[in-house]
Amino acid sequence: MNPLITDEERAQLLANGRARAAAQASDPLPVVRLFTPDAHATWLLVALNPVDGDTAYGLIDLGISMPELGHVKLSDLASIVGPRQQPVMRDRYFQAVRPLSEYLRLAQENGSIVD
């Protein structure tokens, strides 16, 4: 099991992933916020591919003022360390307050994920 997400978050991400795979129109709230404490990268994830259980979809902000929607493998994130050897971490206090499309709009306006 990937330590970056809880079992509950995995279940919600997979449910959203199944809805995306079935082409159900939705604009879900992000389920989890992952970040690098020493490299300014942030991932707001909304869905997990139900086939491989590893490929996540969401808003990706690599700290270069170009946030965008995309895919990332949790297994890849688990192997990343920042310049001070800090691993990717889960924001245990993150509570989504708006749908993904609104996080995307604000991030593109501001050049980074704002909260």
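Let us begin with the aromatic rings. In this predicted model, a search of the whole structure finds 1 aromatic pair. The partners are F94 and Y103, whose ring centres lie 6.4 Å apart, with an angle of 50° between the planes. The arrangement is classed as tilted, because stacked rings need planes under 30 degrees apart and edge-to-face rings need over 60.

The charged end of R98 sits over the ring of Y103, at 5.1 Å from the ring centre.

I turn now to the backbone. Most residues other than glycine have a negative phi. Against that background, please consider two residues.

The first topic here is H40. Its phi is positive, about 60°, although H40 is not a glycine. Where does H40 lie? H40 is found in the loop that connects strand 1 (32–35) with strand 2 (42–48). Is H40 buried or exposed? H40 counts as exposed, because its relative accessibility is 66%.

The next topic is Q85. Q85 is likewise a residue other than glycine with a positive phi, near 65°. Its place is the loop between helix 2 (74–78) and strand 5 (89–90). With a relative accessibility of 57%, Q85 counts as exposed, since the cut-off for that class is over 50%.

Terms used. Residues numbered from 1 in each chain as written. Predicted model: local features only at pLDDT ≥ 70, side-chain atom pairs only at ≥ 80, totals over all residues. Heavy atoms only, no water. Helix = DSSP H or I, 4+ residues; strand = E, 2+ residues; numbered from the N terminus. Buried < 20%, exposed > 50% of the residue type's maximum accessible area, 1.4 Å probe, protein only. Phe/Tyr/Trp six-rings, centres within 6.5 Å; stacked < 30°, edge-to-face > 60°. Lys NZ or Arg CZ within 6 Å of the ring centre and 35° of its normal.
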